[in-house]
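Me: Could you take a close look at one part of this protein with me, and then set it in its surroundings? Here it is.

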Amino acid sequence: NARGVLQRAEQNLAKVNVRTLTPHGRAEVDTARRMILQASEALENRKLVFALSLADKAESLSTSLANR
């Protein structure tokens with residue numbers, strides 16, 4: 001479910017130490033945060049397929065950032 005995916009993406013981002021990232025890494029954090037926000041808005045508007053797609057991308061990006 002999209003809400004669970006969003007929650008995992010947010011948890012992953014919470015683990016990221018932004019200060020240690022390169023400018024590119026910081027930009028990726030911003031991108032992941034925007035995706036999470038857009039996915040949440042899509043859920044509210046009942047655009048479920050779009051919401052899940054964004055949530056999956058945000059989770060993938062946030063997982064990559066958290067594992068650096």
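What span should the 14 residues of helix α1 (residues 2–15) have at 1.5 Å a residue, and how far apart are its end C-alpha atoms? Please go on from there to what α1 packs against.

Reply: Happy to, and please keep in mind that this is a predicted model. At 1.5 Å a residue, the 14 residues of α1 should span 20 Å, and the end C-alpha atoms are 20 Å apart, so expectation and model agree. Seen down the axis of α1, the buried residues fall within an arc of 120 degrees, and therefore they line one face of the helix. The residues in question are Ala-2, Val-5, Leu-6, Ala-9, Asn-12 and Leu-13. On the face turned away from this buried side you will find Arg-3, Ala-14 and Lys-15, which are exposed.

Now for the neighbours. Let's follow α3. This helix has 19 residues, and from first C-alpha to last it reaches 26 Å, close to the 27 Å expected at 1.5 Å a residue. Its buried residues are Ala-51, Leu-54, Ala-55, Ala-58, Glu-59, Leu-61, Ser-62 and Leu-65. The cover over them includes α1 and α2.

Leaving aside residues up to four places away in sequence, Leu-54 touches Met-35, Gln-38 and Ala-39. Arg-26 lies 28 residues from Leu-54 along the chain, and the C-alpha atoms of these two are separated by 19 Å.

Stepping back to the whole protein, there are three helices and zero strands, and the order along the sequence is α-α-α. The radius of gyration is 12 Å, close to the 11 Å that the globule rule gives for 68 residues, so the protein is as compact as a globular protein of that length. Along the principal axes, the C-alpha atoms fill a box of roughly 35 × 20 × 15 Å. Of the 68 residues, 37% are buried. Among contacts with a separation of 6 or more, 66% join residues 24 or more positions apart. Finally, the protein exposes about 4,600 Å², with 50% of that supplied by carbon and sulfur atoms.

Notes: Residues are numbered from 1 along each chain as its sequence is written. This is a predicted model: local features need pLDDT of at least 70, side-chain atom pairs count only at pLDDT 80 or more; totals for chains, interfaces and linings use all residues. Side-chain values use heavy atoms; hydrogens and water are left out. Helices (H or I, at least four residues) and strands (E, at least two) are DSSP runs, numbered from the N terminus. The expected span of a helix is 1.5 Å times one less than its number of residues. Buried means under 20% relative accessible area, exposed over 50%, partly exposed in between (1.4 Å probe, protein chains only). The arc is that of the directions from the helix axis to the C-beta atoms. Contact means heavy atoms within 4.5 Å. The radius of gyration is taken over C-alpha atoms; the globule rule is 2.2 Å times the number of residues to the power 0.38. Accessible areas come from the Shrake-Rupley method with a 1.4 Å probe; for residues, only the protein chains shown count as cover.
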